[in-house]
Amino acid sequence: MRVGIARERRTGERRVAATPETVRQLVGLGLEVLVEHGAGEASGHSDAAYEQAGAAIVDPLGLGDLDVLLHVRPLAPETPARLRRGAVAIGLASPSTELPTVRALRDAGVTSFALELVPRISRAQSMDALTSQALVAGYRCVLEAAMRLPRFFPLYMTAAGTIPPAKVLVLGAGVAGLQAIGTAKRLGARVSANDVRAASADEVQSMGGTFIHLDLDAADAGGGYAKELGADRAARQRQLLAPHVADADVLITTAAIPGRPAPMLVTADMVRAMRPGSVVVDLAAESGGNVEGSVAGSDVAVPTADGGGTVTIVGMKDAASTMPTDASRLYAKNVANLLALMTHDGSVEPDFGDVVVMDACLTHDGEVRHPATVEALA
Ligand code: NAD
């Protein structure tokens, strides 16, 4: 069967859905692999490397000839109609926001798998792109902060005096937040964090951070995810966090609620109360923002309340794509492992009796299979 890897078209996207390493894996499964000319260029993979791995380079990729299309970003709404009925598409689909594409996949009879829907169970960890890409994003947030902070992260004891370590506060301690904690610790900062899930205190401590206990009940939604706080509790959380934010040199926010806009954790007043030179990195800037005033893809300078200078708010955009080589290495493995699960004797045949295949399926046979997306479309 014929598997195609397209060059990503969305501005700012530098990842690719297959690397030469995963092309070898797919060829080993008995699949024929076509790579669009230049698909791996932005992530450091030449056409020649794909050819050596066993792929054919094509320009352009003829979508109508494919049995399987692998992609990174959600497909454009006009793409599914160019695939043949019954073709398989695997990639990120953002089903809660990309409803026109979901409709188009359904109407074109494409069997699509959304990596966001892969269940977060042990057996599916090797296919969990949310985790692999959040790891890249969490690491990158800390580097962005470190490059802008007019101070060291680590403690230095020198003949000219002692420099205390920077204080880093992380709000939202899921995969990205925990990675941010680990990265900031490795750079020598003093790190504290808060999250609303009951398990997060232990998780933060296991990464070497200090958990900030607030006088708020835990808000677990099950499955390891958080529940949205009501307006009163959200206001209370902001009030309780305010002194911790004011005391931080670096604030990194990664809080999210699946399928919902990001919770607003930090108001403009809380930012203004920070010390001059402090840096705020909002990883949630693209999905509504955890910080009032953050702008995805931009730095915003906010004057401090004491008039002594500014705080920089960094609105992260395409965070995983800023490190396209390793982000692609992990993403492509996630995709190839999911495809391998559905491939038998060189033929791609999804077994919907398998919970991973069933849960990850977004559309099949002219129907939307994901209940929350069915509701959103109604
Ligand atoms: P996410 O991106 O949905 O959210 C990021 C974090 O924001 C979460 O930890 C969430 O609790 C937190 N958050 C939400 N509202 C908040 C608020 N008001 N204040 C502070 N924090 C808030 O989550 P994620 O990073 O995708 O991870 C979700 C969970 O899935 C975690 O428990 C993680 O351990 C678990 N997980 C399990 C597996 C597995 O078993 N295979 C793999 C990956 C992740």
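Biologist: In this predicted model, where is Asp365 found?

Modeller: Asp365 is found in the loop between strand E20 (361–364) and strand E21 (367–368). Most residues other than glycine have a negative phi. Asp365, although not a glycine, has a positive phi of about 55°.

Biologist: Which loop holds Asp345, and what is its phi?

Modeller: Asp345 lies in the loop between strand E18 (343–344) and strand E19 (347–348). Its phi is positive, at about 50°, although Asp345 is not a glycine. Asp345 counts as exposed because it has 7 C-beta neighbours inside 10 Å.

Biologist: What kind of peptide bond joins Asp59 and Pro60?

Modeller: Most peptide bonds are trans. Asp59 and Pro60, however, are joined by a cis peptide bond, with omega about 0°. Pro60 is placed in the loop between E3 and strand E4 (68–70).

Biologist: Which residues of helix H1 (residues 20–28) are buried, and where do they sit around the axis?

Modeller: A residue is buried if 20 or more other C-beta atoms lie within 10 Å of its own. In H1 the buried residues are Thr22, Val23, Gln25 and Leu26. They cover an arc of only 160° around the axis, so they are on the same side of H1. Their cover includes strand E1 (2–5), strand E2 (32–36), helix H2 (47–52) and H9. Just after H1, Gly30 takes a positive phi of about 90°.

Biologist: How do the axes of helix H4 (residues 129–148) and helix H9 (residues 324–341) cross?

Modeller: The two axes come within 9 Å and cross at roughly 175°. Angles over 145 degrees count as roughly antiparallel, so H4 is roughly antiparallel to H9. H4 contributes Ala129, Ser132, Gln133 and Val136 to the contact, and H9 contributes Asp326, Ala327, Leu330, Tyr331 and Asn334. By class, this contact has 5 nonpolar, 3 polar and 1 charged residues.

Biologist: Which residues come nearest to the ligand?

Modeller: Of the 30 residues around the ligand, Gly172, Gly174, Gly224, Ala226 and Ala255 come nearest. The shell divides into 17 nonpolar, 9 polar and 4 charged residues.

Terms used: Residues are numbered from 1 along each chain as its sequence is written. This is a predicted model: local features need pLDDT of at least 70, side-chain atom pairs count only at pLDDT 80 or more; totals for chains, interfaces and linings use all residues. Axes are lines fitted to C-alpha atoms, for helices over the stretch in contact, and angles run from 0 to 180 degrees between N-to-C directions. Helices (H or I, at least four residues) and strands (E, at least two) are DSSP runs, numbered from the N terminus. Angles under 35 degrees count as roughly parallel, over 145 as roughly antiparallel, 65 to 115 as roughly perpendicular and the rest as oblique. Two residues are in contact if their C-beta atoms, placed from the backbone, lie within 7 Å. Ala, Val, Leu, Ile, Met, Phe, Trp, Tyr, Cys and Pro count as nonpolar, Asp, Glu, Lys and Arg as charged, and the others, Gly among them, as polar. A residue is near a molecule or strand if its C-beta atom, placed from the backbone, lies within 6 Å of it. A residue is buried if 20 or more other C-beta atoms lie within 10 Å of its own, exposed if 12 or fewer, and partly exposed in between; C-beta atoms are placed from the backbone. The arc is that of the directions from the helix axis to the C-beta atoms.
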